[in-house]
Every structure is written in structure tokens, then in C-alpha cells.
Amino acid sequence: MFLLPTFCRYKRLLCSVDLTKDFFFSYSYNIMRSLQKNINDKNTGHVVYETMFVWNEFLTRAMRNHLKNTDWTVALVHGFFKQQSKLSVSGKDFWLTLIARRSRHFAGTRFMKRGVNEKGRVANDVETEQIVFEDTPDDIPSQITSVVQHRGSIPLVWFQETSRLNIRPEITLKSDVDYKATRLHFENLVLRYGNPIVILNLIKTREKKPRESLLRAEFAKAIHYINKGLPDDKRLKFLHMDLSKLSRRKGTNVLGLLNKVASDVLELTDLLHCEITISSKPLDASSGQGSCDIKINDDFCAATMVPLLLQKGVLRTNCIDCLDRTNVAQFAYGLAALGRQLHVLKLTEEPKIDLHDPLADDLMDFYERMGDTLAIQYGGSAAHN
């Protein structure tokens, strides 16, 4: 009886959610997981139902547990999805897909959720995946590439008390013995993506009244402390760029600097590059062999996706809200990655796209839309720049 008002309140809140906006799903593909993880699952035969990026995980948990399968539920992913085929380079058309998956852990809006919790989950945790493959007459590409990057709040225990009178509330750092929560966060990233973990920190170094700079100094201390307990080959790589300061400096090409950083990181992490081998083997519905990666018709399917190159590790980017400056950096990384993706697909001779190339404008449109979408979800308004 006492739970009824609470139940009714949650029901009203659920009914008020517009599931036609910023939610996406697939009946035939595990879209809550990256392409590399899906391929690894297929090759090992161990299919994992990833729940981190499933928005309705709690709503469907009882049914999945009771039925011991996921056949009767659809995993909804909250974030951003855009796919376009009318892009071309050297006279060849290709498909570009950009996916942003928002974590269900420590979820909430700006100011309400900040930093990291005791389990190592950060606010505004988003996995961004960029997938590229050539457009072919039969809609079956022979190769496909994917690059994953990560964004999330500064993984320290910090918060801000909101106030109607102060649009920039004070930042309060809370003690975290031995940086336990920060360490848990990076251990989780290693489990998800492997090594190396490259951190690109974009917050301010100096301010008249210290705010961001407090977090910058503490973050550097935390990484130094954590690295002391790690072997050389598994240490976190910490890069800092005061993007606000650089953007105000005359004659400074900020995107050019970020693109150079992105290229250096890609040398460490590589990307996923797969060859798709087509099989003309008829499907045996009675044996349950009815699912495949790419379906041609009712009798034939793609047999295997053979990885020629795997991504190892990930780039983790953050600014203070993980919005505007992070959007710029993620675009720069996406542009550097796109050059390499088109090159391994043999669509270009050089693994680089110039900032003045029309393709750079096309990609910027993708990342601007993604940035606006994520900013509205987390901060309530579109990105500022």
C-alpha cells in the first residue's frame, strides 16, 4: 500500500520518456557492443549480453532471468546513431556510421552526477564507435573497419552544489584514500578495451580563482600514484592540453595540434580491420543455424569476419563537463582515424585527411550532431562550440 504512490510516480516518469528520440536498437545485431567485441564473441562462441549500455536493462531483467534468454526482450541503447552512404573518396562511395552509447551506470544530468562513484563508474560515460566500409552493388562489403574512443567525467570524487544564484558553482573535492575509485575506473577500462589507456585531459591549468585547475592537479597526482603500482607496459599514459588557453592564442591551429595527438595515439592503439568472407552454404533452420553477421537472402549468409588488425587500448578524453572541448577532441581523433580507415580499405593512397578536405566537413557534421545530442542529454542544452 505504501509503495503504490512511488510505483505510480515511476510509471508516470517512464511514460513521459520519448522512446522515439535518441534511442536505438537492432533485432539482428548486438548494437550495445562494439564491432570488435561482437566479432570476438562470434569467433570464440561465447556470446555475452552486454548490459552496461542497455538503457532498459533493469526493466527487462526479471523477464530475462526467468526465461534464461534474451529472445523476448529488445535492448535499447541511449545516445546517438547516424549512418550515411553518400560519402565518396577517389570516386568510390563508402558508408560511415557513428554510434555513441551512454552507460546506464552512475547516470544522471550535469551537476547532479559528477566525477566517479565508489564502484569506479563515472558520470557521462560514453563509448563512441566509428565504423567505415565500402559501398558495394550487392550491399555486401569485403572489408570493414571500426575505431572506438571513450569520454567520461574526471574520475575523481568531486561534486558541485547547484545554486540559482551561481551559474558556476564551486567544485568540491572529496578525499579518496589511495585513489581507490579512480583506480577501479581505469581497471574497468582495461577490462573493456585492454592496454594502453591514453588519457587526454583538456581542462584549464591556471585560473585566477582555481576551479578546474584544482581537478587538473589532483588528477595528475592520482595518475602518478596509480602508475607507481603498475608495470611499465601497463601504465596509464597521461596527456594534458589546456584547450581553452590554446584556442585563445593567436596563430594556434588547435585542430592541427589535436590531430597530431590523435595520430600518435592511433600508432599505439591501432584500429579494427576485418575481412568478410562470404559463404554460399544453405541455412539449416531446424538445427538453429539461422543467424549470421550479414544476411544475403533466406538461404545464404556471410560465413566469417576475419580480423586482420585489432584495436588494443583506447583514448579517454575529458574536459570539465565532458561536452564542448571533448567534442572537438573526439572529432579530431575521428578525423585521424577516418584517414587510416579509408587507407586500410584501399580507398585512399595516404592514411590522412586534410582539415580542408570536404570529407572533414562531412565528418564534422556527424560529430557536431552527436555533440549536440549528448549535451542535451547530459547538460540540457546543445553544445556551445
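Guide: What follows is a chat about a predicted model, taken topic by topic.

Visitor: Let's begin with the second largest pocket; what volume does it have?

Guide: The second largest pocket has a volume of about 820 Å³. It is lined by 21 residues, and those closest to its centre are Leu-14, Val-17, Trp-55, Phe-58 and Leu-59.

Visitor: Which elements give two or more residues to that lining?

Guide: Those elements are helix 1, residues 4-16, and helix 3, residues 57-67. Helix 1 gives the most, with five residues in the lining.

Visitor: And how do the lining residues divide into nonpolar, polar and charged?

Guide: In the lining of the second largest pocket, eleven residues are nonpolar, six are polar and four are charged.

Visitor: Switching to helices, at what angle do helix 4 and helix 5 pack?

Guide: Helix 4, which covers residues 180-193, packs with helix 5, residues 212-228, at an angle of about 70 degrees, and their axes are 10 Å apart. Because angles of 65 to 115 degrees count as roughly perpendicular, helix 4 is roughly perpendicular to helix 5. Helix 4 passes helix 5 in a right-handed crossing.

Visitor: Which residues make the contact there?

Guide: Helix 4 contributes Thr-182, Arg-183 and Phe-186, while helix 5 contributes Phe-219, Ala-222, Ile-223 and Ile-226. By class, the contact of helix 4 with helix 5 has five nonpolar residues, one polar and one charged.

Visitor: What about helix 7 and helix 8, how far apart are their axes?

Guide: The axes of helix 7, residues 254-269, and helix 8, residues 324-344, are 8 Å apart, and the two helices pack at an angle of about 55 degrees. That angle makes helix 7 oblique to helix 8, and helix 7 passes helix 8 in a right-handed crossing.

Visitor: Who takes part in that contact, say a few from each side?

Guide: On helix 7 the contact residues include Leu-255, Leu-258, Asn-259, Ala-262 and Glu-267, and on helix 8 they include Val-328, Phe-331, Ala-332, Tyr-333 and Arg-340. Sorted by class, the contact of helix 7 with helix 8 has 13 nonpolar, three polar and two charged residues.

Visitor: Helix 8 also packs with helix 9, so to speak; why is that pair described as oblique?

Guide: Helix 8 and helix 9, residues 358-379, pack at an angle of about 140 degrees, with their axes 10 Å apart. Only angles over 145 degrees count as roughly antiparallel, and therefore helix 8 is oblique to helix 9. The crossing of helix 8 and helix 9 is right-handed.

Visitor: Which residues of helix 8 and helix 9 make the contact?

Guide: From helix 8 they are Asn-327, Gln-330, Phe-331, Gly-334, Leu-335, Leu-338 and Leu-342, and from helix 9 they are Leu-359, Ala-360, Leu-363, Met-364, Tyr-367, Met-370 and Gly-371. The residues of this contact divide into ten nonpolar, four polar and no charged.

Visitor: Now the backbone: is the peptide bond from Asn-195 to Pro-196 cis or trans?

Guide: The peptide bond from Asn-195 to Pro-196 is cis, with omega near 5 degrees. Pro-196 has its place in the loop between helix 4 and strand 8, which covers residues 197-201.

Visitor: Last one, what is phi of Ser-90, and where is that residue found?

Guide: Phi of Ser-90 is near 55 degrees, which is a positive value in a residue other than glycine. Ser-90 is found in the loop between strand 2, residues 77-89, and strand 3, residues 92-102.

Terms used: Residues are numbered from 1 along each chain as its sequence is written. This is a predicted model: local features need pLDDT of at least 70, side-chain atom pairs count only at pLDDT 80 or more; totals for chains, interfaces and linings use all residues. Side-chain values use heavy atoms; hydrogens and water are left out. On a 1 Å grid over the protein atoms alone, a cavity is a set of points where a 1.4 Å probe fits but cannot get out, and a pocket is an open set with protein on both sides within 12 Å along at least five of seven lines; lining residues have an atom within 4 Å of a point. Grid points are joined across faces, edges and corners, and a volume is the space filled by probe spheres set on the points. Helices (H or I, at least four residues) and strands (E, at least two) are DSSP runs, numbered from the N terminus. Ala, Val, Leu, Ile, Met, Phe, Trp, Tyr, Cys and Pro count as nonpolar, Asp, Glu, Lys and Arg as charged, and the others, Gly among them, as polar. Axes are lines fitted to C-alpha atoms, for helices over the stretch in contact, and angles run from 0 to 180 degrees between N-to-C directions. Angles under 35 degrees count as roughly parallel, over 145 as roughly antiparallel, 65 to 115 as roughly perpendicular and the rest as oblique. A crossing is left-handed if the near helix is turned anticlockwise from the far one by less than a right angle, and right-handed if clockwise. Contact means heavy atoms within 4.5 Å.
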